[in-house]
Amino acid sequence: MSDGECKIKLLQGNEAIVEGAIVAGCRFFAGYPITPASEVSEQMSMRLPEVGGTFIQMEDEIASMGAIIGASLAGVKSMTATSGPGFSLMQENIGYACITETPCVIVNVMRGGPSTGLPTNPSQGDVMQGRWGTHGDHPIIVMAVSTVADSFEITVHAFNLSEKYRVPVIIMSDEVVAHTRESIELPETSKVEVIERIKPTVPPEWYLPYEDNSRGVPPMASFGDGYRHHQTGLIHDQKGFPTQDSKEIQAFMERQFRKITNGFQEIICFKRFMMEDAEVAIIAYGSVSRSAKRAMREARQKGIKVGLLQLITLFPFPKSPVASVLRQCQAVIVPEMNIGQISREVKRVNQFSCNIHKINKINGEFITPAEIYDGLLKIA
Amino acid sequence: MSTEMDRIRNKYLRHDKKFPHIWCPGCGNGIVMASLIRAIDQIGLDNDEVVLAAGIGCAGRMPVYIDFNTLHTTHGRSLTFATGIKLANPALTVVSIMGDGDATAIGGNHFIHAARRNLDLTAIIVNNQVYGMTGGQFSPTTPFGATTTTSSYGNLEHAFSIAELAVTAGASFVGRGTVYHVKQLDMLIKKAVKKNGFSVVEIMSNCHTQYGRRNKLPDPVSMMQWFKKHAIALEKVEKMDAEALEDRFPIGILVDRQKPDYIEQYQRIRETSKDD
């Protein structure tokens, strides 16, 4: 899309993710067909060659994840998109991206599960899998989109965080956002902030690919840059070679978490609506936050002082914005299309006398504004 | 006085960092590694231009010792990483080194599809007929009836012919050699790396520790003698009857053909679809 062209488009969430990725500099996509994420692949197969990038359809999601890590190691911003069953297959290599600190973005358009589940129905059942899907202790960033506009903006932000912190970022969409068409005004490309990974500037013989520094994020050379180095899924020392030394292992693991903690300020994204005088609040994310907003407005008309905290970053869990709502309100309601994956996290943060209520819908249907409104009437 | 061997050792090995290696004395992996290095040296590639990717297993540890751009990936998946690297930077020469279980059990799907897709990668498969690193369990290439730690009563399954699988799946170049026939091995790897398209070299290698010991070939020498006796040059195979070929396997170039190159085709798509 060239500058000057009409930037108002009618897009579905899946297409907006593609446009966001391309603006963010994504030039490699590998994927495997799956409902309800296939439009991301389809759109990428058309858009990437136009901008000099590469699309490839791999033989499965394991391969897709391997391919995007490979492309990123060779210096190209990379993404894949899938849904529950494919997301399960990707977990193995997501762990490899974590341990090698390889930037990449993984879109999971959630559908009902477990297993084949409900391929065409919405769900938020993969939230905890986003956080803990791959084995072992690891940092990861998980973000949720709720609208077509969000799908664009958060995808750009996801790439920026991934490149800056050298960590895989999971974008959680769901069947509702993915397939809803809304008008969206795409910003001028030149006005979008795009962050590139930091590359080494030392002579190649001095380069330590996993050297600690004040940010905890080592500069990253690409294969072919002249900085020959070794990448491994084994825990490695600062040179990148496998280590069994407990001190080196401890330092490596601690740095993984420290680099994310250092970046909380920009990693934790959320929106607050009508929270100033709120006595009760809704904490929601993804498409459900749209129903929550409508329920909030209707309840306000009835004189109920209700606010909404919309979580965008789900992990690392946004403790302080949640705590500030829990401190302020006598009760909160957490509506989710799962059995309570985020409400449990909210309870962990609750050091206050706030009552936490849940609305959980796991029948393949979307949570309506009326259902949240009824919930509000009970707690207000 | 510096010899040719010193020159190669100094240029290609990470000798100050990662030796001694983890392989058992007499392991075929060392022969394969030396052959790969000689082949790359003869082609004249710069170390910076080569990526060596590996999966998990004894063969998978090879990249750590060689001073290329190297990566040790997840089990069976090295070809998927190699695919991403090659597409992201087609100027790189990308070689994937795998074991038999790595390439044809857990990575079998990636292997056949890489061959079908015909991206310009080289797959080197060290076939020692067993899962060595995990203690000698049977693999997809363990012979029928052989004893392993998970086939104590004799292997009930039948072995893959990796090279023939690669031919059928569509690889542009397929060769099979052994760690006994080293000069031929150098030639096969050199041709495979130079080939534009997906190329495969299957290398019959010895794991006397985990395979040979349980199958009456208890040391490197007896396994080498077994390779010498059982490998038949491809040209001779046609003249032999089925009985004489039993237990034997052909070595040489099984296929060397031209197919459209994936990256060139994709570049054409980029040019016709350009944003304007």
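Visitor: How many strands form the open sheet, and in what order?
Guide: In this predicted model, 9 strands form an open sheet whose order is 10(A)-2(B)-1(B)-3(B)-4(B)-6(B)-5(B)-8(B)-7(B), and the pairing within that sheet is mixed.

Visitor: Which are the edge strands?
Guide: They are strand 10 of chain A and strand 7 (231-233) of chain B, each of which pairs on one side only. Across the sheet, neighbouring strands are turned by 20° against each other on average, if direction is ignored.

Visitor: And in what sense do strand 10 of chain A and strand 2 of chain B pair?
Guide: Strand 10 of chain A pairs with strand 2 (residues 69-72) of chain B in the parallel sense, over 3 bridges, and within this part of the sheet A:His230 stands opposite B:Thr70. Strand 2 of chain B also pairs with strand 1 (residues 50-54) of chain B, again in the parallel sense, over 4 bridges, with B:Ala54 standing opposite B:His72.

Visitor: Which helix packs on the sheet?
Guide: Helix 8 (residues 220-230) of chain B packs on the sheet, where it touches strand 5 (173-178), strand 6 (199-204), strand 7 and strand 8 (249-256) of chain B, and its direction makes about 35° with that of strand 7 of chain B.

Visitor: Back to the two chains: how many residues does the contact take from each?
Guide: The contact takes 38 residues from chain A and 36 residues from chain B. On the side of chain A that touches chain B, the elements giving two or more residues are strand 2 (28-31), helix 2 (38-50), strand 3 (54-57), helix 3 (61-73), helix 4 (84-99) and strand 10 (230-232) of chain A.

Visitor: Which of those gives the most?
Guide: Helix 3 of chain A does, with 9 residues. Taken by kind, the residues on that side of chain A divide into 19 nonpolar, 13 polar and 6 charged.

Visitor: New topic: which residues of helix 13 of chain A are buried?
Guide: In helix 13 (residues 369-379) of chain A, the buried residues are A:Ile372, A:Tyr373, A:Gly375 and A:Leu376. Seen down the axis of the helix, these buried residues fall within an arc of 160°, so they line one face of helix 13.

Visitor: Which residues are exposed on the other side?
Guide: On the other side of helix 13 of chain A, A:Ala370, A:Asp374, A:Leu377 and A:Lys378 are exposed.

Visitor: What covers the buried residues, then?
Guide: The cover over the buried residues of helix 13 includes strand 12 (280-285), helix 10 (288-301), strand 13 (306-311), strand 15 (331-336) and strand 16 (355-360) of chain A.

How values were computed. Residues are numbered from 1 along each chain as its sequence is written. Chains are lettered from A and ligands numbered from 1 in the order in which they are written. This is a predicted model: local features need pLDDT of at least 70, side-chain atom pairs count only at pLDDT 80 or more; totals for chains, interfaces and linings use all residues. A residue is buried if 20 or more other C-beta atoms lie within 10 Å of its own, exposed if 12 or fewer, and partly exposed in between; C-beta atoms are placed from the backbone. The arc is that of the directions from the helix axis to the C-beta atoms. Two residues are in contact if their C-beta atoms, placed from the backbone, lie within 7 Å. Ala, Val, Leu, Ile, Met, Phe, Trp, Tyr, Cys and Pro count as nonpolar, Asp, Glu, Lys and Arg as charged, and the others, Gly among them, as polar. Two strands pair if DSSP finds at least two bridges between them. Axes are lines fitted to C-alpha atoms, for helices over the stretch in contact, and angles run from 0 to 180 degrees between N-to-C directions.
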